[in-house]
Amino acid sequence: MEDEIDKDKLVGRREILGMLGKTGAAIAALLGGGEVAQAVVAQAQASETPAGAVTADPGPVPGYDWTKHKYAFGVDATRCIGCLRCAVAGKLENNVAFDPHHFRTWVERYGTVDGGETLIDSQNDEGNIKAAGRPDNYRFDDRYADANVTKAFFVPKLCNHCTRPACVQVCPTGATYKTEDGAVLIDHEYCIGCRYCIQACPYGARFFNEEKQVTDKCTWCYHRITKGLNPACVEVCPASARIFGDLKAPQSAIKDFIRDNRIQVLRPDTGNGPNVFYIGIDKEVL
Amino acid sequence: MPKHIARFLGLLILVIVGAVGLRYLFVAHSYYKYGSYRADSVTEISALPVQVAPSSYYQSFYPDIFATWTGGVHKAVQCVVCHGPLKVGATPKLDKPQNITELCTTCHAAFPGRPKSQPQVVVLKHAGRQVCLNCHNPHSPLLTSEGKSIVEDESEAAPGSDDFNMADASAVAAAPAKKKAPVGNVVAGQKKSLLCLTCHGLGNVIRGNNAGPNLGAQTAEHIALELRKFQSGKRPSVVMGPVANGLSSDEINDLAAYFATSATNKR
Amino acid sequence: MEQLFDVQQYIGWVYPNETVFPWGVLIVVYPYLTGLVAGAFTVSSLYQVFGIERLKPVAHFALLASLCMMLFVPSPLLLHLGHPERAFNAILTPHTTSAMAMFSFAAMFYVFLLAIETWFVFRKYIVEQAQIRTGIMGLAYRVMTLGSYDVSERAMRADRKWIFALAILGIPGAHGLHGYVGFLFGSVKAREWWSSDLMPPIFLFSAIISGTALLNVLYVLSCWFRRVKVDILCLKTMAYSLWGFLMFALLLEGVEIVCLMYRGREGIDMIMQYITGPAYYPFLILQLAIGAGVPILILSFVFWRGITGNALVTAILISSALVMMEVFMMRWNVVIGGQEISKTGKGLLTYAMEYHGKEGVFAAASVLIMPMLLLLVVLRILPPWEDGKASH
C-alpha cells in the first residue's frame, strides 16, 4: 500500500510538472512573468515545430501555428451534475453580463414526471432564477423533489463551432469567421450589430452584447486554447462532463472520446456540421 | 451623342472610380489575408487576458493546501470553482467562499437528473443543522477526525438514512487506523476487474453503460468495505450481492488496490 | 441604470439566449418600405415599358414616390444596427455568401437606377426651370442640367431610349431587390416559420400589391389636394392590377401556410398552437381575412356590378387601405412571428413592443412618415402632373 501511495504521488507530481511546463508558464508569461517563464514558453513552442522545418504561414497568432491544430469538443451528458460552474466560468472568463439571458454556455435540464411529456428548463427559467438568488450565480431549483420522476438528466450546451456555420454564411461584413484550427470567432471591432447571425444559428448559441453593441458567443476560449490551456468551462467542470482537445495531436482526450463512444451531434439535419460531440443525450435534445 | 448624356456618363464613371478608390483606402489592411475577415482580429482575440486560472498556477503560493487537494477526492474541483477568478499579485489572495452550504449543495444536493456516481445528500437528513465544514475539509472532503466523532455520536441515534452512503464511506475511509488497510495485488486486480468494467467503466479511460457508479476516484478502503458489505448482506443488492459472493477476501483486496491506482483515477 | 435590453415573456421551452429579441418593429418597417418601392416602380414601368397609356397620369408620380421611399430604405436598418458607423463595412468588404451584403449592392444599384431614370424623365422640365428661375432654386436646376440645355427632338429621342432601357433594367432591379428580401428570411434554416422556398415570391407579390395600393391612395389624395378630377380610367386600371396581384399573393401565402402545416415537420405542434393562439388575430383575421379577403370581395363586387363614379373611388380607397394594412401585417407576422416561435419548436415567446428609443414604435412610425414628407418637397421641385403645375 505504501508503495502504491508513493507511486501515486510521483505520477501526480509528474503530471502537474508537465502541466506547468506549458500551461503554467504560459500563464506566468501572460501575467507579465519573468524572462525564465518566457523562455519556458519559447521552449515549449520550439518543441512543437521541429527545428529547420519550413512551415507554411503559421497564422496570425504569435508563437502558435494554427495549421497544426484542429479542435473539437465532447460532452458526456451522463456525467453532468448540473452545478452550472461552466456557465459561471464562461461569463467570468469572457466578461459576459451576469444575467440569465446571455450565455456563452448553459445547461439544460430534461425531466419526465409520471412518464409524461418531457419538461425542459434552463437558466432563463423563473424558478431557476429564484433558486440562484443573485444575478452572478446560477442554480437549478429542486422542482422535482416531490414528483415521481421517471427520467431526468442534464445537457450542457455551447456553440457548436460548425464546419459549415450558418452564422458565418449570413454575416454581411465578415465579422464572424472560421479559423484554420476550427473555432468560429467574432471580430468585435468589425461587427456592425445587425444580428442576422443570431437569427441564423439553429442552436441559440449567439446573443447580443448590449454593452458593446455587437454579437457575442462562445469562442472555446480561443485566447486560452492557443496558449495550450483548456477552455474555462472544461477547466472548471468537476464531473469531467466536458472534454476538449486537438484532433491533430498524436494523443488527446477528445480523440479517445470520439474513438471510445458512439457520438451524436445536435440537429444534424441543418447541415451545419457541428463540432461538439455528445454522448448520453435523449431524443428530445436538440 | 448628345452633350448631356456624355456628361452624365462622365459623372457616372467618376462616381464609380471614386468609390473604388475610396474602398481601396478604407479596407482594413489585414482583411483578406486569410479569408473574408480581419486577420488582426484573431491576434486580438488570442491576446485576451486569462481570468480563470488553471489550479496549477496556485501551487507555489499554497503548497500545503495544494497537496491536500491533489491527494483528496475533490481534486477534480478546480480552485476557481469555489474561490473565484484569477488574482494577480506576488501572493494571489483567493476569495473565501461566503455561503458554504450553498456552495456545497451546488454539486451535492440530491437531485433527480444527477448521475448516480455523484455523491448527493438531502441536507436536512444528512447533517441536520451541522455546517458542512464541521465534518468535512473542503479541500479533501472525506470525513475529518472531528467529523468522524460526530458521525459516531449520531449514527446510533439515526440509523438507516436513505441518502447516498457518503457518511458510511467517509467514516471508514477516515478511519484507516482502526481497520487494517487492505493490501492487494494491482496486476491480479486488473485481471479480475474486467467483469466490473461493463457497468462501472473506469474513470475516463473506459466508459461503462453507466449502470453503476464510477469506480475511478474511489479509495481502496472504500471499495473493499463496500464489497464486503455486499458479501455479508449488510448492503443488500440484487446485482452486487451475487458478484461479491463470488469473490475471495484476497480478490477483494486486489480489486480495491487496482481501482485505487492512478491509472483509473486519472481525470 | 438604463436598461440595455428587454426580456420577452415565454411559455414552454426556449433557449436562454432567445429571450432577448434580435429584431424588433424596425425590421418590420424595413421590408414594408422596400415593398412599397418595388410596387410603385411596377406601376411606373407598366406605363414606361408595357405602354399601358391609361396609367400615364400616375407613371411619373409613381417614379417619384418610389425614389423618395428608396432613399429612406436604409434608415430603419441604420437605426437598428448596433454600430451604424460601421455600416460601410458591409460594402467595403462584402461577404460574398451573405444575402445581406449582396443586398446592399442590389439596393445601391437600384437607388442609382431610380435617380438616373428620374433625371431623364424630368430633364425637359429641369432645363425649362433652369432658364426661368433665379436664386437658389435656379442654381439647383442649373446644376441638375449638367450644363446642357439641349432639348432638341434628337436629344429627347435619345432620352426616351434611355428611359425605356432603364425601366426595363428596373423591373428585375426592383423585383430582384424585393425577392431578395424574401430570400433573406426564406434562407434562415434555423426558423421553421421562415425557412421556405416560397418566401421570395410571397414578398415580391405582397410588395407589388402594397405599392399599387399606396399609389391608389396617394393619387386620390393628390387629386383632392389639387382640386382635379380623379381619372377614373387610370384608377380603375390600377385597381384591376391590384386585384390580380392580390389574388396571386393570397394564393401564395395560402399555399405556403398549407405546405407548412401539411409537411408537419418537427415543431409543428407549436406552430399550430401559435396560429390558433397568439397569431389568430394578427395572422388569420387581420392579414388573411380582413386584409386580403375583404378587398378581393369589395373589388370583385364593384367590377362585377360596373360601379363607377365616387362610389368606385371610395371602394378602391377602402380596399387599398386594407391591402396596405394586410401587407404591413404580413411583414409583422413574418418578422415578429418568426421570432415568437422558438427555435426549439417547444416554446412560444411574446413580443412586447418598445415605444421610445431608437428601436421603438415612434422611430418606426417616423421612418414611414419621412418619405411622405420628402415626397411633398420633391413634388414641388419636379411636378409629375401632366398639366405641369406644382401640387398646389
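The model is predicted, and local features need pLDDT of at least 70, side-chain atom pairs count only at pLDDT 80 or more, and totals for chains, interfaces and linings use all residues. Residues are numbered from 1 along each chain as its sequence is written, while chains are lettered from A and ligands numbered from 1 in the order in which they are written.

Chain A holds 9 helices and 10 strands. Helices (H or I, at least four residues) and strands (E, at least two) are DSSP runs, numbered from the N terminus. Of the 286 residues in chain A, 53% are buried. A residue is buried if 20 or more other C-beta atoms lie within 10 Å of its own, exposed if 12 or fewer, and partly exposed in between, with C-beta atoms placed from the backbone.

One open sheet of chain A has 3 strands in the order 3-2-4, with antiparallel pairing. Strands pair if DSSP finds at least two bridges between them. Strand 3 (118–121) and strand 4 (149–158) of chain A are the edges; each has a single partner strand, so one side of each lacks a neighbour in the sheet. From one strand to the next, the twist averages 20°. Strand 2 (residues 105–113) of chain A joins strand 3 of chain A through 4 bridges in the antiparallel sense. Here A:Tyr110 has A:Ile120 as its bridge partner. Helix 3 (residues 85–94) of chain A lies across strand 2 and strand 4, at about 160° to strand 2 of chain A. Such angles run from 0 to 180 degrees between N-to-C directions, and axes are lines fitted to C-alpha atoms, for helices over the stretch in contact. Residues are in contact if their C-beta atoms, placed from the backbone, lie within 7 Å.

Another open sheet of chain A has 3 strands in the order 9-1-10, and its pairing is mixed. Its edges are strand 9 (242–246) and strand 10 (276–279) of chain A. Strand 1 (residues 71–76) of chain A pairs with strand 10 of chain A in the parallel sense over 4 bridges. A:Phe73 is bridged to A:Val276 in strand 10. Helix 9 (residues 253–260) of chain A lies across strand 1, strand 9 and strand 10, at about 115° to strand 9 of chain A.

In chain B, strand 1 (residues 136–137) and strand 2 (residues 140–143) pair in the antiparallel sense over 2 bridges. They form a hairpin with 2 residues between them. B:Asn137 stands opposite B:Ser140.

Chain C has 14 helices and 2 strands. Its radius of gyration, taken over C-alpha atoms, is 22 Å; this agrees with a compact globule of 392 residues, which would have a value near 21 Å (the rule is 2.2 Å times the number of residues to the power 0.38). Buried residues make up 46% of chain C. The axes of helix 2 (residues 56–72) and helix 5 (residues 99–121) of chain C come within 10 Å and cross at roughly 145°. Their contact includes C:Leu63 and C:Leu67 of helix 2 and C:Val111 and C:Leu114 of helix 5. Its residues divide into 9 nonpolar, 3 polar and 1 charged. Ala, Val, Leu, Ile, Met, Phe, Trp, Tyr, Cys and Pro count as nonpolar, Asp, Glu, Lys and Arg as charged, and the others, Gly among them, as polar.

Chains B and C also meet. The contact takes 11 residues from chain B and 10 residues from chain C. On the chain B side, 6 residues are nonpolar, 2 polar and 3 charged.

Key. Contact = placed C-beta atoms within 7 Å.
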